[in-house]
Amino acid sequence: MTPIVQVNDLRKRYGEIEAVRGISFFVESGEVFGLLGPNGAGKTTTVEILEGLRKADGGAATVAGVDVFRDPAGVKRRIGVQLQASAFPDNLTARETVRFFAACYDLVVDELALLRQVELEERARQPQAKLSGGQRQRLSIATALVNQPQVLFLDEPTTGLDPQARRNLWELIRSIQARGTTVFLTTHYLDEAEILCDRVAIMDEGNIVALDPPRKLIDDLLGRGFTKPVLQQKANLEDVFLDLTGHEIRDA
Amino acid sequence: MRQTFRLFALLLRGYLRDRTALFFSLIVPLMLMVIFGYLNLGDFGRVSVAIDDQSKNQSSAQLVQILKGIETLQLTDLPTDQALTKLRRTELDMLIVIPQEFAIAPARPGQNVPQIVVYGDDARPQQVAVGRQIVAQVIDRLSFAITQTAPVIGVKEETVQGVRLRYVDFLVPGILGVNIMQLAIFSVAFALVADKQRGVLRRIMATPVRVPNLLAAHVLTRLIIATGQVAVLLLVALVLFSVTIVGGLAPLFVVALLGSILFLTIGFALAGWATTENQVPAIAQLITLPQFFFSGVFFSKNAAPALIRPVTNLLPLTLLNDALREISVQGATLWDVRTQILGLLIWTVAGFILAVRLFRFEKF
Ligand SMILES: Nc1ncnc2c1ncn2[C@@H]1O[C@H](COP(=O)(O)OP(=O)(O)OP(=O)(O)O)[C@@H](O)[C@H]1O
Ligand SMILES: [Mg+2]
């Protein structure tokens, strides 16, 4: 089977800044693929080029069998996106927001079923602007699913969420994967990548410096003789937080 | 088409929920109308006109008689040289010279048509504009009556009734035009640039939506609002200023909406080009101010320097105001103002192409 995302020697510069310096990788159909890296590494740039939102300066990329540079509209029809920074049209309810995006794809969808999938059915009539951060992320994923995409791109989906909401979103991402959708996400949270992703690429200053399953990256590191300066604690503060506040999502 | 209407339905719903925006979109034009209406009414008064009747025949007496019957005009008899002096001192608004062989009669081919010379005071262009319009109308009606070979005496009465052009009557179509322009350009440009800055447009452009459909949906939404605005303005004009609208309300509405669409496309082009909200007012002023001054809103178009008049006559607002005024003041039909309508349509097409071309959801 050919990979669902193929990237070859992709380059992008903004004036003096070389944001992406000739990266190559592929994403297998059906996997959860994570792009990791510090701020400014070039993650958003890479993702948005693949989404047909930014123009690259060189290289080649296909998504779901479509050449991104030749047919960005074709790519857009086949993918779902959640942008790192974006907003929804004003004064619409959650349900209307889903309908708006369905209209953008010229599709008629069962809006309530989509909201149910992201556990927002009870919020269908609530103004979109009044949703909590976690709810808004879930609504955002619902709008990204209107066209039953082959690949779902999520740019930092869990940034700014509390531990419960993050875990809830992980569940959602897993359930989307279980339906056969490939998920391509970026994150700063390494625990998230470790738990969620089948493979991760680590990006730094426009280059991919490692690409493997998380377990393998860790084993390789240990294989190089790495030891943690302090002994691994049996629990960390997040475990304390979750023990005290429970695993239940707060703003469902 | 279906996509346009579905997007339109949702955008309109969102817009109607925004009470503040709705309030301002109806209150602001009202305020403009009332302010301009009263301001200009106060300082306007009547048009003082001197007549130098050099022919002193029956025809000229008849014309003078008709003009005297018009309440807006304040007539005095003065020889040309004296009148011109007064005109220079702005003690007079206008001078009408009736030439010696003046006659109200059907012109035969090759025969010279009698020329009435009208001098205007450049310092009081509004008054001159009204005065000229009245004179033009009187002459129109007289000529019409002649060529129809209707009894001239009958026409006289009709004319006296028909030509009751007051300054508000002249002003209202202009205010309507300006409001249409301001609201379309400013409201759209600000709202869309805000959408752009908040990332709404980026999110939408991550879908395969067709840009012309999205723009059309926005245009339709604003058009509904614009219809409400035009209705409110006309209502106020009719109730508060008891404006006489000689032509039909329907053609007036049609032209007003055509104008709205035109300026909406310009608003979209501006919003497409601008990347920050700060750029909007500057560019919007650059587009609207010259039109405000040169397209005969408050001042006669003829107040513009002759050199640039060929240009100012083609400005979108000039076309819109001319059409609105001819319908409202002179009772023109849509067919009568077809040149202006054609001009508006051409501008609209140009605006739409520009809007689609300039449409950028982000700067790269
Ligand atoms: N539109 C732009 N114009 C100019 N420079 C840009 C633009 N977008 C990104 N950059 C620069 O390109 C580099 C990569 O940015 P990018 O947003 O891709 O990083 P990122 O890995 O997503 O970072 P973060 O984790 O903070 O989201 C940065 O140095 C950034 O300043
Ligand atoms: Mg980023």
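**Entry 1: two loop residues of chain A**

I began with A:Asn91, which I found in the loop between strand E6 (79-82) and helix H3 (94-104) of chain A. I noted at the outset that this is a predicted model. The phi of A:Asn91 is near 60 degrees, a positive value in a residue other than glycine.

A:Glu156 is not a glycine, yet I read a positive phi of about 50 degrees for it. Is A:Glu156 buried or exposed? I recorded a relative accessible area of 10%. Buried means under 20%, so A:Glu156 counts as buried.

**Entry 2: chain B as a whole**

I counted 14 helices and 4 strands in chain B. The chain has 364 residues, and 51% of them count as buried. I looked up its surface as well: chain B exposes about 16700 Å², of which carbon and sulfur atoms supply 63%. For contacts between residues at least 6 apart in sequence, I noted that 80% join residues at least 24 apart.

**Entry 3: helix H9 of chain B**

B:His218 has its place in helix H9 of chain B. With a relative accessible area of 7%, B:His218 is buried. Leaving aside residues up to four places away in sequence, I found that B:His218 touches B:Leu11, B:Leu192 and B:Phe268.

B:Leu235 also lies in helix H9 of chain B. Its relative accessible area is 54%, and it is exposed. I traced B:Leu235 to a nonpolar surface patch of about 380 Å², made together with B:Leu238, B:Val239 and B:Leu249. Which helix gives the most to the nonpolar patch? It is helix H9 (residues 211-240) of chain B, with 3 residues.

**Entry 4: a helix pair in chain B**

I looked up how helix H10 (residues 249-273) and helix H13 (residues 316-330) of chain B pack: their axes are 9 Å apart, at an angle of about 170 degrees. Angles over 145 degrees count as roughly antiparallel, and therefore H10(B) is roughly antiparallel to H13(B). I listed the residues that make the contact; from H10(B) they include B:Pro251, B:Leu252, B:Val255 and B:Phe263. From H13(B), I noted B:Pro316, B:Leu317, B:Ala323 and B:Ile327 among them.

How values were computed:
Residues numbered from 1 in each chain as written. Chains lettered and ligands numbered in written order. Predicted model: local features only at pLDDT ≥ 70, side-chain atom pairs only at ≥ 80, totals over all residues. Heavy atoms only, no water. Patch = residues over 30% accessible without salt bridge, like charges linked within 9 Å, V, L, I, M, F, W, Y side chains within 5 Å. Areas by Shrake-Rupley, 256 points an atom, 1.4 Å probe, with all protein chains shown as cover. Salt bridge = Lys/Arg side-chain N within 4 Å of Asp/Glu carboxyl O. Buried < 20%, exposed > 50% of the residue type's maximum accessible area, 1.4 Å probe, protein only. Axes fitted to C-alpha atoms, helices over the stretch in contact; angles between N-to-C directions. Parallel < 35°, antiparallel > 145°, perpendicular 65-115°, else oblique. Contact = heavy atoms within 4.5 Å.
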